[in-house]
Amino acid sequence: MATPSKVAAVEEITKDFQDSAAAVLTEYRGLSVAQLKKLRRALGQDNKFSVVKNTLTAIAAKEAGVEAFDGQLAGPTAIAFIKGDAVAAAKSLTDFAKENKQLVIKTGYFEGKALDANEVAALAALESRELQLARVAGVLKAPMSAVARVIDALRIKLEEEGGAPAASEAPAAEAEAPAEAAEAPAEAPAES
């Protein structure tokens with residue numbers, strides 16, 4: 001019979017699965033409390049690194065519809081529930097695992113897709129969301145900047161030559177040109 005504390009634990013883990021865009025299953029055998037604290041700090045405030053019981057996690061994963069951890073829940077297990085930037089969190093985990101060989105990344109899931117340890121490492125190798133957005137912004141800004149520089153160069157050249165029209169003269173010249181163009185088509189059909 002399930003105790004109330006186990007039922008509550010399953011509910012909490014199920015909620016963590018449902019609220020997360022990604023999760024990474026790890027084995028933490030041999031890590032000290034201080035090292036785990038350092039890892040939690042590296043993951044950031046949006047993410048949660050929890051030491052879990054395998055049987056309760058299996059039940060919670062099944063209830064949440066997560067199949068990525070089937071057959072992987074053995075030994076001392078901890079899960080990183082990622083609610084923020086998955087790339088940054090995966091990078092923090094893989095960097096920590098490189099420094100601390102006791103942390104073993106077993107498997108994970110990202111947006112409903114199961115990932116093996118190599119795919120988690122590949123996710124970590126991607127550029128962060130902020131860097132990708134900055135590159136897109138730079139690409140979008142470049143043509144506008146080039147047009148602005150060309151227009152400014154033309155303005156400077158006209159000012160140097162002294163041939164820049166006064167602000168009041170330019171609209172008057174433009175207004176006369178459309179009026180003459182409008183009269184020309186009206187006369188052409190009459191002559192035919």
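Which residue just after α2 takes a positive phi? I looked there and found Gly-44, with a phi of about 95 degrees.

**Ground rules**

I am reading a predicted model, where local features need pLDDT of at least 70, side-chain atom pairs count only at pLDDT 80 or more, and totals for chains, interfaces and linings use all residues. Residues are numbered from 1 along each chain as its sequence is written, and side-chain values use heavy atoms, with hydrogens and water left out. Helices (H or I, at least four residues) and strands (E, at least two) are DSSP runs, numbered from the N terminus.

**Helix α2**

I went on to helix α2, residues 33-43. I asked which of its residues are buried. They are Leu-36, Leu-39 and Leu-43. Buried means under 20% relative accessible area, exposed means over 50%, and partly exposed lies in between (1.4 Å probe, protein chains only).

Why do I say that the buried residues line one face of α2? Seen down the axis, they fall within an arc of 60 degrees, so they line one face of the helix. The arc is that of the directions from the helix axis to the C-beta atoms. On the other side of α2 I noted Ala-34, Lys-37 and Arg-41, which are exposed.

Next I checked what the buried residues of α2 pack against. I found β2 (48-52), β3 (77-82) and α4 (86-99). Contact here means heavy atoms within 4.5 Å.

**Cores**

I looked up the nonpolar cores. Such a core is a set of buried Ala, Val, Leu, Ile, Met, Phe, Trp, Tyr and Cys residues joined through side-chain atoms within 4.5 Å. The largest has 24 residues. Val-24, Leu-39, Leu-43, Phe-49, Leu-93 and Leu-103 touch the most other members. At least two residues of this core come from each of β1 (22-27), α2, β3, α4 and α5 (117-125). Helix α4 gives the largest share, seven residues. I also found a second, separate core of 16 residues, with Val-10, Phe-17, Ala-23 and Leu-56 among them.

**Ala-121**

I stopped at Ala-121, in helix α5. Is Ala-121 buried or partly exposed? It is partly exposed, with a relative accessible area of 37%. Its C-alpha atom is separated by 9.1 Å from that of Ile-105, 16 residues apart along the chain.

**Salt bridges**

How many salt bridges does a search of the whole structure find? I got nine. The test is a side-chain nitrogen of Lys or Arg within 4 Å of a carboxyl oxygen of Asp or Glu.

I began with Lys-48 and Asp-16, whose side chains meet at 2.8 Å, N to O. This pair links distant parts of the chain, with Lys-48 in strand β2 and Asp-16 in helix α1 (residues 4-19), 32 residues apart. Lys-48 is partly exposed at 26%, whereas Asp-16 is buried at 7%.

Glu-27 forms a salt bridge with Arg-29, their closest N and O atoms being 3.2 Å apart. Glu-27 is buried, at 17%.

Lys-38 pairs with Glu-99, the closest N and O atoms being 4.0 Å apart. Lys-38 sits in helix α2 and Glu-99 in helix α4, 61 residues apart. I logged Lys-38 as partly exposed at 45% and Glu-99 as exposed at 58%.
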